[in-house]
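This report is written for a reader meeting the structure for the first time. Please look at the sequence and the model before reading on.

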Amino acid sequence: MVWGVVVPSSFGDFRPEGNFVGWEERLDAYYHKELADGPLKAHMPRASFYRSGVLRKFLYELGDLMPDGLRVERPLPHEWPEEYRTAKTHDKLGSLIEIDGFLAVDERLKALIEAIEPGVHDFRPIRITMPRGKDYPVPYHVLLIGQFRDSFRPELSTDGAWYGKPGDYTVHDEKKAFAGSAMSSEATVGLHLWRERNLDRPEFCLSDGLQDVIAKAGLRMMKHYKMKSV
């Protein structure tokens with residue numbers, strides 16, 4: 001069975017409002033030193049284009065060709081964000097959170113993912129701070145999901161459960177729609193955490209096995225629904 005995970009659209013414990021500390025400045029400095037006058041200038045005429053390109057390294061598949069003509073590459077060490085400061089104090093963030101487009105997991109969820117699927121995904125520590133620089137007491141790591149599949153089967157799904165076109169399918173954000181959205185068991189065999197090439201929502205998927213250990217550990221997770229296996 002596949003579980004589809006939905007990143008919340010509003011701010012809260014699973015999507016804390018805030019900003020990265022020092023990340024944009026670090027990327028801008030690299031851009032002006034290494035890229036502004038180089039061969040990639042036509043693709044990235046401003047530093048903001050470079051920053052957008054960095055984010056997509058964490059969202060899209062390695063080697064994907066983007067509309068600007070550049071292919072997705074592995075993030076460089078300086079491109080990983082190192083601190084995120086929330087706009088307000090949080091007593092209890094989720095074990096999985098979204099921060100300005102990036103995913104981050106706490107130590108317990110990181111350990112579960114690495115135990116069930118070792119060597120597949122990348123993690124880097126990130127400091128979560130709150131107003132006035134106070135550290136959130138639980139360590140977090142930015143997560144780069146390391147595998148993609150094409151397992152969604154719209155032709156075997158319930159009418160009205162999804163909308164869109166190839167490469168841009170979206171499942172309606174409700175339990176019934178997810179239950180009627182078909183995922184190929186053959187295409188997902190052996191997977192535990194992955195992104196779908198042709199689905200905008202769910203943003204990523206979990207296996208029964210990973211969902212089970214997460215539930216048994218009592219971790220606070222984003223909204224996730226069972227999907228139809230075919």
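The model is predicted: local features need pLDDT of at least 70, side-chain atom pairs count only at pLDDT 80 or more, and totals for chains, interfaces and linings use all residues. Residues are numbered from 1 along each chain as its sequence is written, and side-chain values use heavy atoms, with hydrogens and water left out.

**Helices**

Helices (H or I, at least four residues) and strands (E, at least two) are DSSP runs numbered from the N terminus. Two packed helices are described by the angle between their axes and the distance between the axes. For helix H3 (residues 107-116) and helix H6 (residues 208-217), the axes come within 10 Å and cross at roughly 145 degrees. Here axes are lines fitted to C-alpha atoms, for helices over the stretch in contact, and angles run from 0 to 180 degrees between N-to-C directions. On the H3 side, the residues that meet H6 are Arg108, Leu109, Leu112, Ile113 and Ile116; their partners in H6 are Gly209, Leu210, Val213, Ile214 and Ala217. Contact means heavy atoms within 4.5 Å. By class, this contact has 8 nonpolar, 1 polar and 1 charged residues, where Ala, Val, Leu, Ile, Met, Phe, Trp, Tyr, Cys and Pro count as nonpolar, Asp, Glu, Lys and Arg as charged, and the others, Gly among them, as polar.

In helix H2 (residues 47-56), the buried residues are Ala47, Tyr50, Arg51, Gly53, Val54 and Arg56. Buried means under 20% relative accessible area, exposed over 50%, and partly exposed in between (1.4 Å probe, protein chains only). Helix H1 (23-35) is included in what covers these H2 residues.

**Pocket and cavities**

On a 1 Å grid over the protein atoms alone, a cavity is a set of points where a 1.4 Å probe fits but cannot get out, and a pocket is an open set with protein on both sides within 12 Å along at least five of seven lines; lining residues have an atom within 4 Å of a point. Grid points are joined across faces, edges and corners, and a volume is the space filled by probe spheres set on the points. By this rule there are 2 cavities of 30 Å³ or more.

| Space | Volume | Lining by class |
|---|---|---|
| Largest pocket | about 420 Å³ | 6 nonpolar, 3 polar, 8 charged |
| Largest cavity | about 50 Å³ | 11 nonpolar, no polar, no charged |
| Second largest cavity | about 30 Å³ | 6 nonpolar, 1 polar, 1 charged |

The largest pocket has 17 lining residues, and Leu59, Tyr60, Arg195, Leu199 and Asp200 lie nearest its centre. Strand S12 (193-196) and S13 each give two or more residues to this lining.

H3, S14 and H6 each supply at least two residues of the lining of the largest cavity. Among the residues lining that cavity are Leu109, Ile113, Leu210 and Ile214, which also take part in the contact of H3 with H6. The second largest cavity is lined by residues including Phe58, Leu59, Leu143 and Arg195.

**Backbone features**

The peptide bond from Arg201 to Pro202 is cis, with omega near 5 degrees. Pro202 lies in the loop between strand S13 (199-201) and strand S14 (204-207).

Asp100, in the loop between strand S4 (96-99) and strand S5 (102-106), has a positive phi near 50 degrees and is partly exposed at 38% relative accessible area. Arg132 has a positive phi of about 65 degrees and is exposed, at 82% relative accessibility; its loop joins strand S6 (122-129) and strand S7 (140-144).
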